[in-house]
Amino acid sequence: MVAYRRRRSFPRRKVCRFCADSNVKIDYKDPKLLKYFITERGKIIPRRISGNCARHQREITMAIKRARHIALMPYTTIQPH
Amino acid sequence: MRRYETLFIVTPDSSEEELKAVADKFQGVVTGMNGKVASYDEQGKKSLAYNVKKQSKGYYVLMDYLGQAEVVAELERNMRLDDRILKYLTVKLADQVDPATVEAAKPKPKKEAEKTEVAEEEAQSPEDQESEEEETEED
């Protein structure tokens with residue numbers, strides 16, 4: 001018996017939450033929402049993990065970058081000395 | 001006219017009067033250049049995600065206004081010169097807006113979208129045509 005080398009990932013297909021609920025507006029002034037799409041280190045979570053559709057991922061990316069610029073979100077959590 | 005919003009951070013050790021002075025100054029800049037301030041919203045003191053000019057906190061202020069591109073240039077120039085402003089970010093919200101449809105200091109973003117389309121059909125001024133850049137960001 002051949003051992004399954006490659007572990008099957010869950011086939012659960014995530015649905016873009018912004019397509020599912022059109023009431024949620026992506027806004028750079030809303031770090032609470034955007035926080036969901038960054039890692040602990042402050043990096044933007046890729047689409048394949050977050051499950052966003054291309055369009056909304058683009059908007060999220062834009063919003064996160066704007067929020068970073070105006071110091072609402074961190075560029076990195078490692079503080080420079 | 002175009003609609004912009006500028007989010008800026010005022011230094012945390014400023015007093016009530018200084019915040020008022022900042023408000024008067026920048027609203028004056030906009031109105032002085034034939035712009036129109038739609039709203040001026042002080043969002044209060046928040047902690048910054050990272051230190052800016054050695055400050056870890058700041059007063060966030062969101063100003064929503066109408067005007068030509070020169071208004072933004074002048075406003076940002078003033079913000080750069082002003083020591084009380086730690087950082088600012090300007091984003092364009094709409095390209096062609098009829099100023100009559102926007103009440104001063106009372107934003108109506110929902111209605112805005114419909115009115116913008118009407119304004120486009122009526123007045124197509126040539127200088128409003130080209131504007132690719134969606135925002136101006138500067139330190």
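**Where the chains meet**

Chain A puts 9 residues in contact with 9 residues of chain B, contact meaning that C-beta atoms, placed from the backbone, lie within 7 Å. On the chain A side, those residues split into 6 nonpolar, 1 polar and 2 charged; here Ala, Val, Leu, Ile, Met, Phe, Trp, Tyr, Cys and Pro count as nonpolar, Asp, Glu, Lys and Arg as charged, and the others, Gly among them, as polar.

A word on the ground rules: this is a predicted model, where local features need pLDDT of at least 70, side-chain atom pairs count only at pLDDT 80 or more, and totals for chains, interfaces and linings use all residues. Residues are numbered from 1 along each chain as its sequence is written, while chains are lettered from A and ligands numbered from 1 in the order in which they are written.

As for confidence, chain A has a mean pLDDT of 84, with 79% of its residues at 70 or more; pLDDT is the predictor's confidence in each residue, from 0 to 100.

**The core**

Now look inside. The largest nonpolar core has 41 residues, and Leu34(A), Ile64(A), Ala67(A), Phe8(B) and Ile9(B) touch the most other members. Such a core is a set of buried Ala, Val, Leu, Ile, Met, Phe, Trp, Tyr and Cys residues joined through C-beta atoms within 7 Å. Its largest share, 6 residues, comes from E3(B). Helices (H or I, at least four residues) and strands (E, at least two) are DSSP runs, numbered from the N terminus. Beyond neighbours within four places in sequence, Ile64(A) is in contact with Leu34(A), Phe37(A), Ile38(A), Ile44(A) and Met73(A).

Which residues of H1(B) are buried? They are Val22(B), Phe26(B), Val29(B) and Val30(B), buried meaning 20 or more other C-beta atoms within 10 Å of a residue's own, exposed 12 or fewer, and partly exposed in between, with C-beta atoms placed from the backbone. Down the helix axis, the buried residues of H1(B) fall within an arc of 95°, so they line one face; the arc is that of the directions from the axis to the C-beta atoms. They pack against E1, E2, E3 and H2 of chain B. The face turned away carries the exposed residues Glu16(B), Glu17(B), Lys20(B), Asp24(B), Gly28(B) and Gly32(B).

**Out in the loop**

Finally, find Lys53(B), in the loop between E2 and E3 of chain B. Lys53(B) is exposed, with 12 other C-beta atoms within 10 Å.

Notes: Contact = placed C-beta atoms within 7 Å.
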